[in-house]
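I opened the model to look up a few local features and wrote down what I found. The entries follow in the order in which I made them.

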Amino acid sequence: MPSEGWFFVYPTAKARDMTGIVDCNSFYCSCERLFRPDLRDAPVVVLSNNDGCIVSRTDEAKALGVDMAVPYYQCREVMERHRVSVFSSNYHLYGDMSMRVMDTLRHLLEEESEGGHERVEVYSVDEAFIDLRHIPSEGLRDFAAHIRTVVECWTGIRVSVGVASNKLLSKVANKLAKKDKRGSGCVWVLDTEDAVQEALERTPVGDLWGVGHRYAGKLRDHYGIFNARQLRGMPEEWARKHLGGVVGVRLIRELRGESCIAMKDPLERKKMIATTRMFGRPVFELAPLREAVATYVARAAEKLRRQGSAAGSIDVFVVTNGDGRSLEYDPASHHRYCLLPRPTSHTPDLLHHAIPMVEQLWRDGRKYLKAGVILGGLVPAAAIQGNLFMPQPEGRGHALMKAIDGINAALRDDMVKYAASGLTRDWKMRQELRSPRFTTRWGELYAVE
């Protein structure tokens, strides 16, 4: 590999505008394997909230016929027969490992950033687009392989890298790299027209980024379009009429090599903050429902303060499923919305408005499955407009919130919480198979004996 230590050395030549995507392989499962070396080549799956459905699976589990998004109980017998290791979602671990992967990518690309422009766009917890316009064409494959090697060495997470002239084609390249990990070395570069044509020929139209199952079926059944290369050859006016208007035209242009979706700088401040969870068990009483909403308000308010914002509105919602006597699953959502008299990030103020809304939403005899809180109308906390008809709030509340946030950040697990959020929290999400939070809890650090 043309590198000195961990710094990549590429030949001096003219570079092209190229984009890459780095995608962690079976990310949740990879995080679990990282601290379980005995599972390195074994089948592993990770379950969704409340241990409901399969949300991540290794190649070994796929080979056994374990499908994505299938309810756990439907394939439990098969997994037990083949000794598949099953884990509950461990979001603390996954979030921390994701941050390490993204920080590694930023470190590898930071020296080449220009004018404050970020070369890493975090797309999801396990994916990031990277700007490779500074890498000469003949150095793209080696640089992509260098990224894969360093990320795995520094974090222990295996990744696949796809490189092409735009985001859509880089996703196509990445899918091919993941399908043929051994042959490709988890790296696939579409740097010539022939390579692009071959890749599109091998890509089913349903695997394209932005083409859902419904559109894929329509393209196959009504127009005889089965792969991405066939779709690329369709006229733009046809796409405008039959493929979602401007979105369809953009899809065709990206397939032809144009770059229509630019790299985005990271969003500094969110425009809306939401906290919502499914309950670990159905709730039939007002008290636990009130506790859950109070907990979510406190969590959302902490996120609000972290980005230096204040909320001008609060929306509380609950999801019910009849009265608990029916076996049918027919959920319904119910909302209450409130404009705050003054934007605030003070948790007691937000609780003061949220708790009455929960009591308004409550109906005796209903089965409650989920609740959530959405904070909107966000403004900078340092520039809140005053109200002539209301007294100015005292500054002590800001110091209290800062102290509580600091304690909880250092000691974790809501060490300081409001009484309204309860003590036992029997409604919390079920995680019966969760592994230890190896990297974020002192009491759960990985022990080497």
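Where is Cys186 found? I find Cys186 in the loop between α7 (181-184) and β10 (187-189). Element names follow DSSP runs numbered from the N terminus, with helices being H or I of at least four residues and strands E of at least two.

Ground rules, before going on. This is a predicted model, in which local features need pLDDT of at least 70 and side-chain atom pairs count only at pLDDT 80 or more, while totals for chains, interfaces and linings use all residues. Residues are numbered from 1 along each chain as its sequence is written, and side-chain values use heavy atoms, with hydrogens and water left out.

**Entry: backbone phi**

I noted that Cys186 has a positive phi, near 65 degrees, in a residue other than glycine. Cys186 is buried, with a relative accessible area of 11%. My cut-offs are under 20% relative accessible area for buried, over 50% for exposed and partly exposed in between, with a 1.4 Å probe and protein chains only. I also looked at Ser26, which is not a glycine and has a positive phi of about 45 degrees. Ser26 sits in the loop between β3 (19-24) and α1.

**Entry: aromatic pairs**

I searched the whole structure and got 14 aromatic pairs. The rings are those of Phe, Tyr and Trp (its six-membered ring), and they pair if their centres lie within 6.5 Å; planes under 30 degrees apart count as stacked, over 60 as edge-to-face and the rest as tilted.

I took Tyr28 and Tyr91, an edge-to-face pair with 6.4 Å centre to centre and 80 degrees between the planes. Tyr28 is in helix α1 (residues 27-34) and Tyr91 in helix α4 (residues 91-109), so this pair ties together parts that are 63 residues apart in sequence. Tyr28 counts as buried at 18% relative accessibility, whereas Tyr91 is partly exposed at 38%.

I then took Phe129 and Trp209, a tilted pair with 5.6 Å centre to centre and 40 degrees between the planes. This pair links distant parts of the chain, with Phe129 in strand β8 (residues 127-131) and Trp209 in the loop between α8 and α9 (213-223), 80 residues apart. Phe129 is buried at 0% relative accessibility; Trp209 is partly exposed at 23%.

I also recorded one aromatic cluster, formed by Phe27, Tyr28, Tyr91 and Tyr94.

**Entry: contacts of α6**

How do the axes of α6 and α8 cross, and at roughly what angle? I read roughly 65 degrees for helix α6 (residues 167-179) and helix α8 (residues 193-201), whose axes come within 10 Å. Axes are lines fitted to C-alpha atoms, for helices over the stretch in contact, and angles run from 0 to 180 degrees between N-to-C directions. The two helices are therefore roughly perpendicular to each other, a label that covers 65 to 115 degrees. The crossing of α6 and α8 is left-handed, meaning that the near helix is turned anticlockwise from the far one by less than a right angle; clockwise would be right-handed.

Leu169, Val172 and Leu176 of α6 make the contact with Val196, Ala199 and Leu200 of α8, where contact means heavy atoms within 4.5 Å.

The axes of α6 and helix α12 (residues 246-255) come within 8 Å and cross at roughly 65 degrees. The crossing of α6 and α12 is right-handed. The residues involved are Lys167, Leu168 and Leu169 of α6 and Leu251, Glu254 and Leu255 of α12. By class, I have 4 nonpolar, no polar and 2 charged residues for the contact of α6 with α12.

**Entry: α13 and α14**

I found that the axes of helix α13 (residues 286-306) and helix α14 (residues 347-361) come within 9 Å and cross at roughly 145 degrees. The crossing of α13 and α14 is right-handed. Their contact holds 12 nonpolar, 1 polar and 3 charged residues.

**Entry: two single residues**

Thr275 lies in strand β11 (residues 273-283) and is buried at 1% relative accessibility. Asp194 lies in helix α8 and is exposed, with a relative accessible area of 64%.

Key. Angles under 35 degrees count as roughly parallel, over 145 as roughly antiparallel, 65 to 115 as roughly perpendicular and the rest as oblique. Ala, Val, Leu, Ile, Met, Phe, Trp, Tyr, Cys and Pro count as nonpolar, Asp, Glu, Lys and Arg as charged, and the others, Gly among them, as polar.
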